[in-house]
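Subject: Handover of a structure, with notes

Dear colleague,

I am passing this structure on to you, and below it you will find my notes. Please read them with the model open beside you.

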Amino acid sequence: MFKIAICDEGQLEAEELSRYLSALAGEISLECSVELFPNVRLFQKALQGTRFQLVFLETRIGGGDGGEFARRLRVFDEEMAIVFCSSESGRALEAYSAFPSGYLVKPVSRKQLREIFRHVADKARKKPGILLRGEDGGEVRIGVDDILYIEVFGD
């Protein structure tokens, strides 16, 4: 499951972004979930139990600095794709110190969003995984990053 987080105070913009991302995922047959967070505090709480592959982050959120928050995220997850969404194009250079996958200026261009999403999704799909076969003959592919431990019985 490809997990996406949108951390943005603008509820209507975040909901529109969520709908479009879900449609993009459907176009490439990517099973995904999108969660919305109106502030950094709620997003941090969610990070304690969930790993997101892609995060859309406002550069100014809750009176704080989204770029600084993104740099702190990098300490915990170097591979998380971060895309900044902002109404301020002047903050782009500063934001790049967090090594984002992109920087979108609001209103978000669907063409740019599609390009960034496809790039991130393609990278995620190329990560190694393993194919598990059950006794009933069913198969499931699991990404290496999603494995906590493996226990084998018998053969």
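How many residues does helix H5 have, and how far does it reach from its first C-alpha to its last? Please bear in mind throughout that this is a predicted model. Helix H5, which spans residues 110–125, has 16 residues and reaches 22 Å between those two atoms, close to the 22 Å expected at 1.5 Å a residue. Within H5, the residues Leu 113, Ile 116, Phe 117, Val 120 and Ala 121 are buried, and because they cover an arc of only 125° around the axis, they lie on the same side of the helix. An α-helix has 3.6 residues a turn, so residues three or four places apart point the same way. The face of H5 turned away from that buried side carries Lys 111 and Lys 123, which are exposed.

What covers the buried residues of H5? The cover includes helix H1 (11–27) together with the strands E1 (2–7), E3 (54–58), E6 (81–86) and E7 (102–105).

To place this in the whole chain, the secondary structure comes to five helices and nine strands, and from the N terminus on the elements run β-α-β-α-β-β-β-α-β-α-β-α-β-β. Of the 155 residues of the protein chain, 37% count as buried. Among the contacts between residues at least 6 apart in sequence, 59% join residues that are at least 24 apart.

The sheet

Five strands form an open sheet in the order E2-E1-E3-E6-E7, and the pairing is parallel. Strand E2 (32–37) and strand E7 stand at the edges with a single partner strand each, so one side of each is left without a neighbour in the sheet. From one strand to the next, the twist averages 20°.

Helix H3 (residues 66–76) lies across E3 and E6, and it runs at about 175° to E6.

Strand E1 is mostly covered, since five of its six residues are buried. Is Ile 6, with its 1% relative accessibility, buried or exposed? Ile 6, whose place is in strand E1, counts as buried because its relative accessibility is 1%, where the cut-off for buried is under 20%. Leaving aside its neighbours within four places in sequence, Ile 6 is in contact with Ala 14, Leu 17, Ser 18, Leu 21, Val 34, Glu 35, Leu 36, Phe 37 and Phe 56. The C-alpha atoms of Ile 6 and Val 55 are separated by 5.8 Å, although these two residues are 49 residues apart along the chain.

In soluble globular proteins, nonpolar side chains tend to be buried together. The largest nonpolar core in this model has 22 residues, and those with the most contacts inside it are Leu 21, Leu 54, Phe 56, Leu 113 and Phe 117. The elements that give two or more residues to this core are E1, H1, E3, E6 and H5, and H1 gives the most, with six residues. A second, separate core of 17 residues includes Ala 46, Leu 57, Ala 70 and Tyr 103.

Which residues does Phe 117 touch, not counting residues up to four places away in sequence? Phe 117 touches Phe 2, Ile 4, Leu 21, Leu 24, Ala 25, Ile 28, Leu 30 and Leu 54.

Two places in the backbone

In the loop between E7 and H5, where Pro 107 is found, a cis peptide bond joins Lys 106 and Pro 107, with an omega of about -5°. In the loop between H1 and E2 is Ser 29, which has a positive phi of about 55° although it is not a glycine. Ser 29 counts as exposed because its relative accessibility is 65%, where the cut-off for exposed is over 50%.

With best wishes

Notes. Residues are numbered from 1 along each chain as its sequence is written. This is a predicted model: local features need pLDDT of at least 70, side-chain atom pairs count only at pLDDT 80 or more; totals for chains, interfaces and linings use all residues. Side-chain values use heavy atoms; hydrogens and water are left out. Helices (H or I, at least four residues) and strands (E, at least two) are DSSP runs, numbered from the N terminus. The expected span of a helix is 1.5 Å times one less than its number of residues. Buried means under 20% relative accessible area, exposed over 50%, partly exposed in between (1.4 Å probe, protein chains only). The arc is that of the directions from the helix axis to the C-beta atoms. Contact means heavy atoms within 4.5 Å. A nonpolar core is a set of buried Ala, Val, Leu, Ile, Met, Phe, Trp, Tyr and Cys residues joined through side-chain atoms within 4.5 Å. Two strands pair if DSSP finds at least two bridges between them. Axes are lines fitted to C-alpha atoms, for helices over the stretch in contact, and angles run from 0 to 180 degrees between N-to-C directions.
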